[in-house]
Amino acid sequence: MPEYYTSDDKSALEARSDAQRIAFAPFIFQATVAARNLGLLNALYEARDKGMTAQELSDRTKVSLYGVKVLLDMGLSAGIVWKSKYKYVLSKTGFFIVNDPMTGVNLDFTKDVCYEGLNALEESIKSGKPEGLKVFGNWPTIYPALSQLPEPAQTSWFEFDHYYSDHSFPEALPLVMDSAPKTLMDIGGNTGQWARYCVENTDALEVVVVDLPEQIALLDKQMEGHSQTERVTGWPTNMLDSESKLPAHTDAIWMSQFLDCFSEPQILEILKKCHDALPEHGKLYIMETFWDRQPFEMAALSVNATSLYFTTMANGNSRMYHSNDMKALLSEANLEVSTQVDNIGVGHTLLICKRK
Ligand SMILES: C[S@@+](CC[C@H](N)C(=O)[O-])C[C@H]1O[C@@H](n2cnc3c(N)ncnc32)[C@H](O)[C@@H]1O
């Protein structure tokens with residue numbers, strides 16, 4: 001795995017230019033989203049190498065000539081379009097803005113869930129609370145709010161969440177089934193996507209989804225129209241409640257994109273609970289996106305950005321961790337990693353753990 005951010009070898013001019021790119025980053029972002037949403041980028045995609053003049057774009061999309069020009073001149077600076085004489089042409093980066101599903105979910109998540117609230121980042125760091133969440137309502141964390149978030153935030157949240165976890169399911173399930181569990185506890189199972197995938201792709205595995213009562217209340221509805229889901233049951237509980245109990249007698253525990261929702265002291269308590277709930281030779285599967293285990297530097301940037309979503313929108317105290325921090329917590333909870341598999345789906349790592 002490459003190690004990132006270990007040198008500073010830019011020229012002064014490059015460094016100063018990059019500083020301006022940061023200073024105006026919100027303008028680049030908003031102009032890109034607006035150009036996409038108003039259909040300008042799609043029109044250029046359809047025009048291919050021929051490109052289009054500002055007037056042609058205005059006629060086609062019904063965006064004013066002024067609107068086309070301010071957005072796409074910023075687009076030139078952002079590198080999403082380039083100029084061929086009097087015409088704008090979609091660049092390779094612009095192509096991905098229009099066509100790449102990962103870029104799409106990232107843009108929508110940033111715009112619909114995070115953008116407004118991110119303004120409260122500094123405040124959130126000071127208070128340790130997700131101050132940006134106030135733009136949607138008064139909740140202590142985003143989790144009990146998920147089923148009530150206004151649109152388009154709710155759809156963009158779930159699409160972001162599902163995009164990353166869904167891509168990892170096909171690779172992760174055979175690794176879990178290697179130990180032939182008959183029952184699996186899915187802590188933080190959310191809408192039951194993984195539970196559904198498990199029962200639809202195994203003969204007899206039973207899955208207990210553990211999540212907050214608000215999520216479990218929706219579980220039956222999420223299972224409607226899918227086969228084999230009689231093997232999925234729900235277990236409403238707040239994992240932060242010291243009195244909360246986990247189901248007894250499951251062979252293995254699965255937690256995907258769950259521990260990143262908690263601070264280190266909270267993770268330690270959750271891991272201790274998992275330790276106590278595991279049978280002697282039971283396996284604990286933790287799937288996470290660790291920022292140090294990303295195959296590309298840009299992926300590390302995405303993961304570090306997602307940490308700030310936790311700071312300002314989700315709970316004020318969690319993040320996408322460095323894998324060594326997670327391993328230290330596992331060790332403190334008397335657990336150890338027996339196998340680590342990197343590059344599952346999009347940037348996920350599976351830690352297969354057992355009791356020490
Ligand atoms: C980011 S989602 C992960 C969903 C799913 N495991 C996946 O891989 O896509 C985190 C889940 O943890 C649940 N959660 C958050 N805090 C919780 C708590 N204190 N107790 C139980 N579940 C909690 C949320 O309701 C949500 O469903």
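This briefing describes a predicted model of a protein chain with a ligand. Local features are given where pLDDT is at least 70, side-chain atom pairs count only at pLDDT 80 or more, and totals for chains, interfaces and linings use all residues. Residues are numbered from 1 along each chain as its sequence is written. The mean pLDDT of the protein chain is 96, and 100% of its residues reach 70 or more, where pLDDT is the predictor's confidence in each residue, from 0 to 100. For the complex, the predictor gives an ipTM of 0.99 and a pTM of 0.93.

**Overall form**

- Along its principal axes, the C-alpha trace spans about 70 × 50 × 40 Å.
- The protein chain holds 16 helices and 9 strands, which are DSSP runs numbered from the N terminus (H or I of at least four residues for helices, E of at least two for strands).
- Of the 356 residues, 37% are buried, a term for residues with 20 or more other C-beta atoms within 10 Å of their own, while exposed means 12 or fewer and partly exposed lies in between, with C-beta atoms placed from the backbone.

**Domains**

- The domain assignment, which is automatic or from a database, gives domain 1 (12-99), domain 2 (102-159) and domain 3 (162-355).
- The centres of domain 1 and domain 3, taken over C-alpha atoms, are separated by 40 Å.

**Ligand surroundings**

- The ligand is surrounded by 16 residues, and the closest are Ser-165, Gly-188, Asn-190, Met-239 and Ser-256; a residue counts as near if its C-beta atom, placed from the backbone, lies within 6 Å.
- This shell divides into 6 nonpolar, 8 polar and 2 charged residues, where Ala, Val, Leu, Ile, Met, Phe, Trp, Tyr, Cys and Pro count as nonpolar, Asp, Glu, Lys and Arg as charged, and the others, Gly among them, as polar.

**Backbone details**

- A cis peptide bond with omega of about 5° joins Glu-151 and Pro-152, and Pro-152 is found in the loop between helix 8 (121-127) and helix 9 (153-166).
- Arg-48, in the loop between helix 3 (40-47) and helix 4 (54-61), has a positive phi near 50° although it is not a glycine, and Arg-48 counts as exposed because it has 9 C-beta neighbours inside 10 Å.
- Asn-343, also not a glycine, has a positive phi of about 60° and is placed in strand 8 (residues 335-344); with 15 C-beta neighbours inside 10 Å, Asn-343 counts as partly exposed.
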